[in-house]
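Visitor: Hi, I have a new model open on my screen. Could you walk me through it?
Guide: Happy to, let's look at it together.

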Amino acid sequence: TNAVLAKAMASACERTGVPSDAVQLLAVPGHEAVQELLKMDKYIDVLIPRGGKNLIQAVAQGTRIPTIKHYEGVCHQYVAADADLDMACDVILNSKLESVEVCNALEGVVVDSAAAERVIPQLARRLREKGVELRGCPRFCSLAPDAVPASEEDWSAEYLAPILHCNVVSGVEAAVSHINRYGSHHTDGILTQSLETARRFVQGVDSASVLVNASTRLSGGGDYDMGAVVGISTDKLHARGPVGVNELTTYKWVAYGSGHLR
């Protein structure tokens, strides 16, 4: 597949006046060739490894070349105390079930304790109707009889499957703390009717995308009017979030003078 794609891209380059060598395929099989590639910081400006977490870590740790990392997406929705119940359920189901195997699919729900009795029974029922397994804290499980107790490993799990970990917290600061501790700084959201609560959440959560009253599935390049992207970076510099054409383009400073001196 890679060979076919590389040939098609090289052909497109030729037709548009771009050197065909602008697209190259490392045709040498085996890890040895990759290890040599990682040493070529004189010729390569940036690496974008795509694959599992172990592969990305191995590449980043084995090179001096800047690396844009696309780690897992442990994405959350926080249901604030004043959240609209129907909208919260709709957004959470879409975040989880529109496509369970992608990096901005929902993996965790955090419910404010002030909304727990109002929200959890209906939310749990609607998720169970769609075949979603719920793993929760004791408070969540007490309001969702079909839920099973969550382990410590569950809180940071990227399932990529119809499974959710669900926690009940007291207030927006506790929700932010939970998400920053267990999330992957990818995409997280809040469901609230309060601009002040939304502002506190948006400022506190350290993620590439933070959404208010919207599905986590809306954090892609197309949704941000960026066009096609190579992935969603969980780094902070130089690219964060969807990585499109602008994020793959460097710049230089050019100045015209007329004998200017310092």
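Guide: Let's begin with a term: a salt bridge here is a side-chain nitrogen of Lys or Arg within 4 Å of a carboxyl oxygen of Asp or Glu. Glu98 and Arg217 meet in one through their side chains, at 2.6 Å from N to O. Glu98 sits in the loop between α4 and β2 and Arg217 in the loop between β7 (209-212) and β8 (232-233), so the pair ties together parts that are 119 residues apart in sequence. Helices (H or I, at least four residues) and strands (E, at least two) are DSSP runs, numbered from the N terminus.

Visitor: Before we go on, what kind of model is this, and how are residues numbered?
Guide: This is a predicted model, in which local features need pLDDT of at least 70 and side-chain atom pairs count only at pLDDT 80 or more, while totals for chains, interfaces and linings use all residues. Residues are numbered from 1 along each chain as its sequence is written, and side-chain values use heavy atoms, with hydrogens and water left out.

Visitor: Thanks! Is Glu98 buried or exposed, or in between?
Guide: Glu98 is partly exposed, because its relative accessible area is 46%. The cut-offs are these: buried means under 20% relative accessible area, exposed over 50%, and partly exposed in between (1.4 Å probe, protein chains only).

Visitor: How many salt bridges turn up in the whole structure?
Guide: A search of the whole structure gives 17 salt bridges. One of them pairs Glu107 with Lys96, and their closest N and O atoms are 2.9 Å apart. That pair links distant parts of the chain, with Glu107 in strand β2 (residues 106-112) and Lys96 in helix α4 (residues 85-97), 11 residues apart.

Visitor: Are those two buried or exposed?
Guide: Glu107 counts as buried because its relative accessibility is 0%. Lys96 counts as buried too, at 0% relative accessibility.

Visitor: Which helices does the Glu173 and Arg200 pair tie together?
Guide: Those two side chains meet in a salt bridge at 2.6 Å, N to O. Glu173 is in helix α7 (residues 172-182) and Arg200 in helix α8 (residues 195-204), so parts that are 27 residues apart in sequence are tied together. Arg200 counts as partly exposed, at 33% relative accessibility. There is also a network: salt bridges that share partners join Glu133, Arg135 and Asp154.

Visitor: Let me zoom out. How many helices and strands are there?
Guide: The protein chain has eight helices and nine strands. Its C-alpha trace spans about 65 × 55 × 35 Å along the principal axes. Of the 262 residues in the chain, 42% are buried.

Visitor: And the charges?
Guide: The chain carries 24 positive and 31 negative side chains, and the centres of the two sets lie 4 Å apart. Lys and Arg count as positive and Asp and Glu as negative, without His and the chain ends. Each charge is placed at NZ of Lys, CZ of Arg, CG of Asp or CD of Glu.

Visitor: Now the backbone. Where is the cis peptide bond?
Guide: A cis peptide bond joins Leu237 and His238, with omega at about -5°. His238 lies in the loop between β8 and β9 (241-242).

Visitor: What about Gly231, which residues does it touch?
Guide: Leaving out residues up to four places away in sequence, Gly231 touches Arg50, His70, Gly241, Pro242 and Val243. A contact means heavy atoms within 4.5 Å. Gly231 is in the loop between β7 and β8 and counts as buried, at 10% relative accessibility. The C-alpha atoms of Gly231 and Ile48 are separated by 9.0 Å, although the two are 183 residues apart along the chain.
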